[in-house]
2 protein chains.
Amino acid sequence: MHFTSEQSLDDGLLEREFTLGEIPGILWTPASASASAPVPLILLGHPPLGLRRMHPRLVDRARRSAADGFATATIELPGSGDRPRWPAIDQARAELRRAMEAGEPVSDEIVDALVLPLVDKAVPEWQAALDALLALPEIGGPVGYSGGIISIGIRLAVVEQRIAAAGLFAGSLVPRAMFEEARQVTVPLHVLLQWDDEGNDRQAALDLFDAFGSKEKSLHANMGGHTGVPQFAGDTAAQFFTRHLK
Amino acid sequence: MHFTSEQSLDDGLLEREFTLGEIPGILWTPASASASAPVPLILLGHPPLGLRRMHPRLVDRARRSAADGFATATIELPGSGDRPRWPAIDQARAELRRAMEAGEPVSDEIVDALVLPLVDKAVPEWQAALDALLALPEIGGPVGYSGGIISIGIRLAVVEQRIAAAGLFAGSLVPRAMFEEARQVTVPLHVLLQWDDEGNDRQAALDLFDAFGSKEKSLHANMGGHTGVPQFAGDTAAQFFTRHLK
């Protein structure tokens, strides 16, 4: 892990860009974080639109988490942003777009081709990032995972014992195979659902919530489309992490 | 409205029992409430088990609301507690119990007979209580309604313009006619659903949430049975009222 830039934002929030091998990432730490007082960490998931484009929204989430005493970090997804294109994923995405524009149902094949390879490749990368981040003296545990592609969150929650709580966004297409993995999730879950999410199947989201094996899981459904998550839903999610990571 | 007893609880919370005609009720006011600084009011709905039996849980809700600066009040439901029995409701309740114990589906007729007369009779009583409560110098607006039989909350939210926000508990049988009324609700809503509520039809609760006409409505589903609402769900509901009534 090599830090490539460092910038102090308002409120003492420190933003550091890094590379982990070929993978770019960003780490945000609150002013309070130090070797003698390491802070818990929340991994910030995001959609595959590239870190540069997602940066303003990620900084908002980092700033709010820092106010609660958390470090946050994220890495670029395979095939996104400045990472090499991934033709198979690009093709699956083009097929998804074609189906949606034609008003056709999105087939299981398209969803699987789009999501499963991404999960298989991304999850070990997030685990490697976690190794490197937890080796920093100012970062302690426990670790939470928040948002992004829900299937990545599910797989991480299943395979990565260091994830103690997960806030998931039921806003992306979920391969059928992930419903089985969802049953193996046992950490506390906070699931956001946009009730009128144009790109999401509400019933599938409810079925997925039902499938999670966690004893503590909450579904928070709000009005509005995919990007219309209200401010107060962010407050509730922040309280979830404070309850479980502090 | 006649006050019949007065008691100071901890934290300066004042509990006053009253009668409104033949109807018993209770008013809780925080120490901060005065004629020069009237406080907003939350009406506390409750199941038809009698105020005496519900008292510990009502005091908990009153105490938490008082900490947020709210007065709270409730009245006895028709046919409950110290009020005269209501044979038609008692009979409907017996039929409901018989059907549930026999493992039979609960018919629309039973639900209608149990709930609709109660809504018709209770809602004007809650409105009369609201008249009397708002006439007290230490009680101001706005007014919220919280919990209890959801059909009473729906009707109140539709007919009573002074209700500015409602926190509803999707935990009781809902007559089909109430789904139509739900479409007419426009105030902000915070709906709690216990995902594994043994006495409740989850899909009906989701359909009801979908039916509400409110632009701001949130569904908060948590694990556990009818009485297992977690502590943190109460925190989120309290924040909902603070957002809308202060």
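Modeller: What follows is one answer, starting with that helix and ending with the pair of chains.

This is a predicted model, in which local features need pLDDT of at least 70 and side-chain atom pairs count only at pLDDT 80 or more, while totals for chains, interfaces and linings use all residues; side-chain values use heavy atoms, with hydrogens and water left out. Residues are numbered from 1 along each chain as its sequence is written, and chains are lettered from A and ligands numbered from 1 in the order in which they are written.

The helix I take is H5 of chain A, residues 176–183. Helices (H or I, at least four residues) and strands (E, at least two) are DSSP runs, numbered from the N terminus. The buried residues of H5(A) are A:Met178, A:Phe179, A:Glu181 and A:Ala182, where buried means under 20% relative accessible area, exposed over 50%, and partly exposed in between (1.4 Å probe, protein chains only). These residues line one face of the helix, because down the axis of H5(A) they fall within an arc of 165°; the arc is that of the directions from the helix axis to the C-beta atoms. They pack against helix H3 (108–134), helix H4 (150–159) and helix H6 (202–211) of chain A. Contact here means heavy atoms within 4.5 Å.

In chain B, the buried residues of H5(B) are B:Met178, B:Phe179, B:Glu181 and B:Ala182. They also fall within an arc of 165° down the axis of H5(B), so they line one face of that helix. H3, H4 and helix H6 (202–211) of chain B are among what covers them.

The packing on H4 can be given in detail for chain B. Two packed helices are described by the angle between their axes and the distance between the axes. The axes of H4 (residues 150–159) and H5 (residues 176–183) of chain B come within 9 Å and cross at roughly 35°. Axes are lines fitted to C-alpha atoms, for helices over the stretch in contact, and angles run from 0 to 180 degrees between N-to-C directions. The crossing of H4(B) and H5(B) is left-handed; a crossing is left-handed if the near helix is turned anticlockwise from the far one by less than a right angle, and right-handed if clockwise. H4(B) contributes B:Ser151, B:Ile154, B:Arg155 and B:Val158 to the contact, and H5(B) contributes B:Met178, B:Glu181 and B:Ala182. By class, that makes 4 nonpolar, 1 polar and 2 charged residues. Ala, Val, Leu, Ile, Met, Phe, Trp, Tyr, Cys and Pro count as nonpolar, Asp, Glu, Lys and Arg as charged, and the others, Gly among them, as polar.

Next, the other parts of chain B. H3(B), one of the helices covering H5(B), also packs with helix H2 (residues 87–101): their axes come within 9 Å and cross at roughly 145°. That crossing is left-handed too. Its contact has 9 nonpolar, no polar and 2 charged residues. B:Ala128 lies in H3(B) and is partly exposed, at 32% relative accessibility. In helix H6 of chain B sits B:Gln203, partly exposed at 36%.

Beyond four places in sequence, B:Gly144 touches B:Leu41, B:Ile42, B:Leu43, B:Ala165, B:Phe241 and B:Leu245.

Back in chain A, A:His190 is in strand S8 (residues 189–194) and is buried at 4% relative accessible area. Among its contacts beyond four places in sequence are A:Gly167, A:Ser218, A:His220 and A:Phe240. A rotation of 180° with 0.0 Å of shift along its axis superposes chain A on chain B, with RMSD 0.0 Å. This is the relation of a two-fold axis. The same surface serves both copies, as 100% of the contact residues of chain A recur in chain B. The copies are superposed by least squares on the C-alpha atoms of residues with pLDDT of at least 70 in both.
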